[in-house]
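Trainee: Please take one part of this model and walk me through it closely, giving the cut-off behind each term as you go.

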Amino acid sequence: MPGDKIIVRADPDLKDLIPGFLQNRRRDTEAIRDAMARDDMERVRFIGHMMKGSGGGYGFGALSDFGTALEAGAKDLDPQAIGRVVALIENYLDGIDVVYE
Amino acid sequence: MLAFLAWQDALDNEAKKFAYESVLLKDTVGRSVTVSDDVTNNIATLLEPMDGVDEEPFRVFVGSVLSRHAFIESVSYYPLVVQPQVLSLNESLDALRTASPDLPMDTGVPPLPNELDRFDFSAPVEISRGPDANLAPMHDLFSEPRFRDVLRTAIETNVAVPTPPTGMDVKGRDYFLLKTVFHQGGEDRMADYQHRQVKGLIAVLIDPERLFQSSLQGNLSVALYSESEGVSGRQQLFDKQPNSVLSQRGWAVASLAEEILTQFPHYSMKLVIGKQVHAGDIDKGLIMTAMVLGAGVSLLLFALARAKEHQARELRERNVEIGRQVLRQTKELAAARDQALDASRVKSEFLASMSHEIRTPLNAIIGMAELLAETRLTHDQRKYVDIFKKAGEALQTLVNDVLDLSKIEAHQLVLEHIAFDVRELVAEAVDLYVLKANEKGLQLVCRIDPDVPLLVNGDPARLRQVILNLVGNATKFTDRGEVIVRVRRCGATDRILFSVCDTGIGIPSDKLETVFASFTQVDSSTTRRYGGTGLGLSISKRLIELMHGEIWAESALGEGTTIAFSIKLDIARSFMGHEQLAQVAVRGRAVDLGLSQIAVVPSGDRETPAGGRQADKRASILLVEDNADNRVLIKAFLKDGPFQVEEAENGETAVNKFQLGAYGLVLMDVQMPVMDGHAATRAIRAWETEHARRPTPIIALTAHALKEDVEKSVEAGCTAHLTKPIRKTALLEAIQRYVM
């Protein structure tokens, strides 16, 4: 429902790292939009690949899935698909509530 | 077939015989007709230079001709004269008769009519063979068109020409060879004739039968023909049929023939020889022999076939008999097998039954002793309980050993073949004796080489049993010093060498051979002082031998003993996933992080790791990961540990750093730019081999968890494989396992 938060339970040991990690993901969405404007699909693919590889480790499995989708969209040269994924990532980042336990 | 071949051979023989017989005939007739022609030409040549017939030389020459050639009946010379010359010729003839009264001479012939008047056939010079020569009048002869034609041909050519048979002799076969005699220098026949250059005519009378001389064979048919141009054409001069009686020679089976042509300028002589081969002519010997042989061969073949058939029948019967025997023996074997199986089952049941029957009360004794020990007891009661508890435990050990040995000797013991962690197994087994070692003030050390594989296939329970036995013995027989358990790989093979080395009482050299024998201890005092059944090493030896390994002992009295064994343990191909890795528990043993060396000092606190952790290269970790967030994450996981982490963003950087640095562990991401993790691992392993370095543990970090991906990591040279997302516990477990 609108307003509901997405609860993500994370390792307390990573409490210091997660805020910076999430901030980097916001930067990723900006970088993707820049790359799309330049039609640089390779850059989009790289960002997606990195997101795929790191999301789960920090406890954000959804980010790994988003990264996979970005990678696929870049390989398919599908800017619309990429645009939809970027919107999802931004909504996700806006909606998550990290619980350390 | 043989008879046919023999028949063909017989016919071939007849043909050869015919060829041989006709050779003589051909040769004789050929020479004879050639001589006839030559004589005719020679006499004409002789007469040319003569104005008339020079009687003496003519007579001498002809006489010798007649004496040498029986087939020449007579030689006559008919001059070409005009009427006035007839008288002159007769006078010459008279003179000749006077000179040679022995020579029979004809008295001449009346003149011939018409164009042939030029030859004076009335007064020839004629010399014949004998007084029996029966010569018809020549003018009558040459009145016939056949002969006149021949005469004309003789006049017009300068060659000898044959006449048809004259019919003048009894057989009617004699024929003339005619040849014109010219005045010397005359060449043109027609011109000579018209200009009267012809001087005369030679007529040589031939008996064709005598041309064959004595070469005529009774079994051959012979015919002689003259063939010339003109009206006379082909004339049969001689014909003779074979003289055998047909019925005596059987039916004709073959007909052989040959024709021979002797060619002269204006005519040819054709000889035809023939032979009928009759059945009676065939040499039956060979055919009979062939038939006999053929019959013999047929009989032989028949006999062989019968023998083969007999042999085959015997073979069949033998096979049936063998089949029956095999069946009988199979049944016997099956019965024996069943008996053996029954015996084995009885033995197994006995062992199982005994095992159960003995262990059950023993368990009860020991269990009750433990329960009793927990109750309130007097000092003496506690002492008694301790005693019978220990006795029960000792009896239990003895029973277990005896049952184990019985099982092994009865071939009832079957080893398992499953994957297990050999490092953990050894560590856990050693762990069980930490307390005892501590009580005795001993240092108990376990060293496992890094190249000992993680997962192997084998029987973990029995391997543990052996290690427990050896470590137990070492701990028991050592009062001071240390017990070191070592596990290492035997070179590049898949054999693992285990050794337990103590600084205990040692074994006399003369007893070393017997330590592995059943119920054997060094001496009776050993049993009294140290206890034991004397079965442990024997069982260990049997178990190692079942594992196709070998075990041996080295010792020096008072200095210590080393018992070592080597066994083949295949590397288990199925790799544990990260969840299983995470589940492998350290379980609180005294294992220092980054070390698999258990150091137990006599401080009484086994949970305290040995002090003074050394900062050495084994705590240095190379983290190879292209994702900066992941590098941060992993470093965060390791921050509480005694690790020094260096980073590399790709495989190439990792290989360079590895060669320059000294690391106890490499955490290798697989998917990276420039050089991926597998390639970097292969490069590192190659470098280690080249520089004789012991392999550094390399743990692959990858998002792929499929069996194939794990196997790829192993094949590249990785020691272990962790699947992303990496969990802290799994990472630490893996590090604890592989870093020394």
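Mentor: Contact here means heavy atoms within 4.5 Å, and helices (H or I, at least four residues) and strands (E, at least two) are DSSP runs numbered from the N terminus. This is a predicted model, in which local features need pLDDT of at least 70 and side-chain atom pairs count only at pLDDT 80 or more, while totals for chains, interfaces and linings use all residues. Residues are numbered from 1 along each chain as its sequence is written, chains are lettered from A and ligands numbered from 1 in the order in which they are written, and side-chain values use heavy atoms, with hydrogens and water left out.

Let us look at one helix pair in chain B and then at the interface with chain A. In α19(B), B:His678, B:Thr681, B:Arg682 and B:Arg685 meet B:Lys712, B:Ser713 and B:Ala716 of α20(B). By class, this contact has one nonpolar, three polar and three charged residues (Ala, Val, Leu, Ile, Met, Phe, Trp, Tyr, Cys and Pro count as nonpolar, Asp, Glu, Lys and Arg as charged, and the others, Gly among them, as polar). Helix α19 (residues 677-690) and helix α20 (residues 707-716) of chain B pack at an angle of about 25 degrees with their axes 8 Å apart, the axes being lines fitted to C-alpha atoms, for helices over the stretch in contact, and the angles running from 0 to 180 degrees between N-to-C directions. Therefore α19(B) is roughly parallel to α20(B), since angles under 35 degrees count as roughly parallel, over 145 as roughly antiparallel, 65 to 115 as roughly perpendicular and the rest as oblique.

At the interface, 15 residues of chain B are in contact with 14 residues of chain A. The area buried between the two chains is about 1,200 Å², of which carbon and sulfur atoms give 53% (buried area is the accessible area, 1.4 Å probe, that two parts lose on being put together, summed over both). In chain B, B:Asn627, B:Asp629 and B:Leu633 lose the most area to chain A, together 38% of what that side buries.

Two salt bridges are counted between chain B and chain A, each being a side-chain nitrogen of Lys or Arg within 4 Å of a carboxyl oxygen of Asp or Glu. One of them joins the side chains of B:Asp629 and A:Arg25, at 2.7 Å from N to O. Helix α17 (residues 628-638) of chain B gives the most to the side of chain B that touches chain A, with six residues, and by class that side has six nonpolar, three polar and six charged residues.
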